[in-house]
Amino acid sequence: MRFSASDLARIVGSGTPTAQQQGIIEGDPRGTFRIVAGAGSGKTETMAQRVLWLIANSHVAPSEVLGLTFTKKAARELSSRIRSHLSTLVESGVGVELDEFEGPTVSTYNAFAAGLYRDNAILLLSLIHISEPTRPRLI
């Protein structure tokens, strides 16, 4: 591990993570985490720091990150923090590169699902066979 959660927090100017937050941030790079906590508890910052840690330690490329939230406000905030932290990391010269066109994807669950449908609608329609005018069936 090149960078600890505390190292990265110091570089980007965020608060030092608690032991529980550090456990999430530095958890198994192949693992997935569900963060459930009350308002103002640091969920968004912990998620942003997790993404930063994964990228800074070469576990993932920025374009391989998918962050999903329930609200547009949370998605905007998470996206903003991730991009801001990544920019700060790049400017600090620690060896992280960022392509502004292929960064992390952050969205709401609904918007992400709608995008998948929109991007694949033709393929989905090709799987449906109309046997009667009012009864489509999957083939």
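**Around helix α3 and its neighbours**

In this predicted model, helix α3 is followed by Ser58, a residue whose phi is positive, near 60 degrees. A positive phi, near 60 degrees, is found here in a residue other than glycine. Ser58 belongs to the loop that runs between α3 and β1, the strand of residues 66-69. Is Ser58 buried or exposed? With a relative accessible area of 58%, Ser58 lies above the 50% cut-off and is therefore exposed. Across 38 residues of chain, the C-alpha atom of Ser58 is separated from that of Val96 by 8.6 Å.

Helix α3 has 14 residues, and the distance from its first C-alpha to its last is 20 Å, close to the 20 Å expected at 1.5 Å a residue. The helix is mostly covered, as eleven of its 14 residues are buried. These are Glu45, Thr46, Ala48, Gln49, Arg50, Val51, Leu52, Trp53, Leu54, Ile55 and Ala56. Which elements provide the cover for the buried residues of α3? Among them are α1 (5-12), α2 (19-25) and α4.

Two packed helices are described by the angle between their axes and the distance between the axes. The pairing of α3 with α4 can be taken up in these terms. Helix α3 (residues 43-56) packs with helix α4 (residues 72-91) at an angle of about 40 degrees, and their axes are 9 Å apart. The two helices α3 and α4 are therefore oblique to each other. Their crossing is right-handed. On the α3 side, the contact is made by Thr44, Glu45, Met47, Ala48, Gln49, Val51, Leu52, Ile55 and Ala56. Helix α4 contributes Glu77, Leu78, Arg81, Ile82, His85, Leu86 and Leu89. Sorted by class, the residues of this contact of α3 with α4 comprise ten nonpolar, three polar and three charged.

Helix α1 also packs with α3, at an angle of about 105 degrees and with 10 Å between the axes. Helices α1 and α3 are therefore roughly perpendicular to each other. Here Ala5, Leu8, Ala9 and Val12 of α1 meet Gln49, Leu52, Trp53 and Ala56 of α3. The contact of α1 with α3 has seven nonpolar residues, one polar residue and no charged residues.

How are α1 and α4 oriented to each other? They pack at an angle of about 85 degrees, with their axes 9 Å apart, and are therefore roughly perpendicular. From α1, the contact draws on Leu8, Ile11 and Val12, and from α4 on His85, Thr88 and Leu89. In this contact of α1 with α4, four residues are nonpolar, two are polar and none is charged.

Two glycines complete the description. Gly27 is placed in the loop between α2 and α3. With a relative accessible area of 9%, Gly27 falls under the 20% cut-off and is therefore buried. Which residues does Gly27 touch, leaving aside those up to four places away in sequence? They are Phe33, Arg50 and Trp53. Arg50 and Trp53 are also among the buried residues of α3. The C-alpha atoms of Gly27 and Arg50 are separated by 8.5 Å, with the two residues 23 apart along the chain.

Setting aside residues up to four places away in sequence, Gly67 touches Thr105, Val106 and Ser107. Gly67 and Ala37 are 30 residues apart in sequence, and the distance between them in space is 17 Å, C-alpha to C-alpha.

Methods: Residues numbered from 1 in each chain as written. Predicted model: local features only at pLDDT ≥ 70, side-chain atom pairs only at ≥ 80, totals over all residues. Heavy atoms only, no water. Axes fitted to C-alpha atoms, helices over the stretch in contact; angles between N-to-C directions. Helix = DSSP H or I, 4+ residues; strand = E, 2+ residues; numbered from the N terminus. Parallel < 35°, antiparallel > 145°, perpendicular 65-115°, else oblique. Left-handed = near helix turned anticlockwise from the far one by under 90°. Contact = heavy atoms within 4.5 Å. Nonpolar A, V, L, I, M, F, W, Y, C, P; charged D, E, K, R; others polar. Expected span 1.5 Å × (residues − 1). Buried < 20%, exposed > 50% of the residue type's maximum accessible area, 1.4 Å probe, protein only.
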